[in-house]
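Let's take a walk through this structure, one feature at a time. Have the sequence and the 3D view open as you read.

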Amino acid sequence: MFTTALLFLVFSMWRPEATVRFCLKMSLLPRLAPRIATVIETKLLDMIRGFAVLKDTRNLIAFLAWSLVYWTANGLGVWVLARAFASSCR
């Protein structure tokens with residue numbers, strides 16, 4: 001799942017409209033619910049336009065730094081929780 005999402009992001013930065021159209025066609029959503037497919041297409045293209053800010057090196061470094069802080073805090077929280085449960089089971 002992560003690899004699929006990463007491929008979507010890479011291709012969507014390269015060719016946003018074609019990538020979104022291809023993914024929607026693969027989901028069969030345009031045939032099953034065309035109005036919903038149009039809304040999803042618009043939202044996805046808006047989201048992809050927001051990722052364009054990461055092309056700036058300064059913004060990319062800030063994003064990566066905050067991601068590192070977030071995931072470190074998340075990992076430490078899980079570690080503390082696991083240790084608390086382990087000590088209560090003894």
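Arg 49 and Asp 46 both sit in helix α4, which covers residues 34-51, and because they are 3 residues apart, about one helical turn separates them. Keep in mind that this is a predicted model. The side chains of these two residues, Arg 49 and Asp 46, meet in a salt bridge, with 2.9 Å from N to O. In general, side chains of opposite charge can pair when their charged atoms come close. How many salt bridges does the structure hold? The count is 1.

Now hop over to helix α1, where Phe 11 and Trp 14 are also 3 residues apart, so about one helical turn lies between them. A search of the whole structure turns up 2 aromatic pairs. For Phe 11 and Trp 14, the ring centres are 6.0 Å apart and the planes stand at 50 degrees, so this pair counts as tilted. The cut-offs behind that label are under 30 degrees for stacked and over 60 for edge-to-face, with the rest called tilted.

The largest pocket holds about 180 Å³. Which helix gives the most to its lining? That's α1, with 6 residues. The lining is made up of Phe 2, Ala 5, Leu 6, Leu 9, Val 10, Met 13, Phe 51 and Leu 54. Sorted by class, that comes to 8 nonpolar residues, with no polar and no charged ones.

Some of these names come back on the outside. Phe 2, Leu 6 and Val 10 form a nonpolar surface patch, together exposing about 330 Å² of accessible area. Val 10 itself belongs to helix α1, residues 2-14.

Note on methods: Residues are numbered from 1 along each chain as its sequence is written. This is a predicted model: local features need pLDDT of at least 70, side-chain atom pairs count only at pLDDT 80 or more; totals for chains, interfaces and linings use all residues. Side-chain values use heavy atoms; hydrogens and water are left out. Patches are made of residues with over 30% relative accessible area and no salt bridge: like charges are joined within 9 Å, nonpolar side chains (Val, Leu, Ile, Met, Phe, Trp, Tyr) within 5 Å. Accessible areas come from the Shrake-Rupley method with a 1.4 Å probe; for residues, only the protein chains shown count as cover. A salt bridge is a side-chain nitrogen of Lys or Arg within 4 Å of a carboxyl oxygen of Asp or Glu. Helices (H or I, at least four residues) and strands (E, at least two) are DSSP runs, numbered from the N terminus. On a 1 Å grid over the protein atoms alone, a cavity is a set of points where a 1.4 Å probe fits but cannot get out, and a pocket is an open set with protein on both sides within 12 Å along at least five of seven lines; lining residues have an atom within 4 Å of a point. Grid points are joined across faces, edges and corners, and a volume is the space filled by probe spheres set on the points. Ala, Val, Leu, Ile, Met, Phe, Trp, Tyr, Cys and Pro count as nonpolar, Asp, Glu, Lys and Arg as charged, and the others, Gly among them, as polar. Rings of Phe, Tyr and Trp (its six-membered ring) pair if their centres lie within 6.5 Å; planes under 30 degrees apart count as stacked, over 60 as edge-to-face and the rest as tilted.
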